[in-house]
Amino acid sequence: MLSIKNLDVSVDKKQVLNNFDLDIDDGSIHVIMGPNGVGKSTLSRVIMGDNHYVINNGDIIFNDESIKDMTTDERSRKGIFLVMQYPMEIDGVSNQDFLRTAMSSHMGKKVGLYDFILKCENAIEELKMDKSLIHRSLNVGFSGGEKKKNEVLQLKLLKPSLIILDELDSGLDVDSVRIVAENIVSYKKENPNTSILIITHLPKLLEYLEPDYVHVIINGCICETGGYELAKLIEKNGYNQYFDKSNIIDRK
Ligand SMILES: Nc1ncnc2c1ncn2[C@@H]1O[C@H](COP(=O)(O)OP(=O)(O)O)[C@@H](O)[C@H]1O
Ligand SMILES: [Mg+2]
């Protein structure tokens, strides 16, 4: 589904990803772990087409097609969805209008109000969200947890085939982590070909979304790949072993 080849990315003239490679098959769940500031969010944003991040070399292939030069909304319509680490607040745009416009754009036709309300109310209930959030400005004044649930609400309505979760669990209490994780698990069950790229520090989320692969990223590229046991190992031992082994970054 997704193939990232020899990707070099810089932001603000600083090189963040170096010769980065990653292949994600249809229906598989990959996890990216790594200490702060190594380029995890950069990876998610560059896949989504944030133009602050400059690709100096390499390519991003999605379903056999290069998406490197596509706009974010084209990538979104192709079926890529990013749950952002820090969702944006947009004052003056109601959550409801935003969602309905996004759904209409994805479906290539205007979604009727009745149909929208039906789908939306259902999804809101499954996420145990407060119904009034739908009438407020997008994410404005939402708590951290409400913002993340609102991202998952968008996901449920837009039906992507590649989901990127950038620290979905940050800002969520344990019950909310369970609710959003269960919603993603049931989405995956209904759409088994959906692939998921999870960026996380906490193996808690992985108890729900069992990964096929866990990758450790240090200094802009993947330095180790394993299974779920690798995430458990990192929880226990941290990332120091990688710095000792690779000596890539001077941590003094
Ligand atoms: N928009 C930006 N402007 C300037 N520097 C950025 C920007 N985005 C990321 N960076 C820098 O790139 C590096 C990697 O950041 P990021 O990908 O957010 O790390 P992670 O998500 O792994 O914690 C950091 O040094 C960060 O300060
Ligand atoms: Mg990040």
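Close-up 1. Lys40, Ser41, Thr42, Leu43, Ser44, Arg45, Val46 and Ile47 of H1 are buried (20 or more other C-beta atoms within 10 Å of the residue's own, C-beta atoms being placed from the backbone; 12 or fewer is exposed, and in between is partly exposed). Because 8 of the 9 residues of H1 (residues 40-48) are buried, this helix is largely enclosed by the rest of the structure. The model is predicted, and local features need pLDDT of at least 70, side-chain atom pairs pLDDT 80 or more, while totals for chains, interfaces and linings use all residues. Residues are numbered from 1 along each chain as its sequence is written, and chains are lettered from A and ligands numbered from 1 in the order in which they are written.

Close-up 2. Asp12 lies in the loop between strand S1 (2-11) and strand S2 (14-24); helices (H or I, at least four residues) and strands (E, at least two) are DSSP runs numbered from the N terminus. Its phi is near 55°, positive although the residue is not glycine. Asp12 is exposed, with 8 other C-beta atoms within 10 Å. Asn139 sits in the loop between strand S8 (137-138) and helix H5 (144-158), and its phi is near 65°, again positive in a residue other than glycine. Asn139 counts as buried, with 20 C-beta neighbours inside 10 Å.

**Close-up 3. Helices H5 and H6.** Gly145, Lys148, Lys149, Val152 and Lys156 of H5 meet Ser176, Val180, Asn183, Ile184 and Tyr187 of H6 (contact: C-beta atoms, placed from the backbone, within 7 Å).

Technical notes. Two residues are in contact if their C-beta atoms, placed from the backbone, lie within 7 Å.
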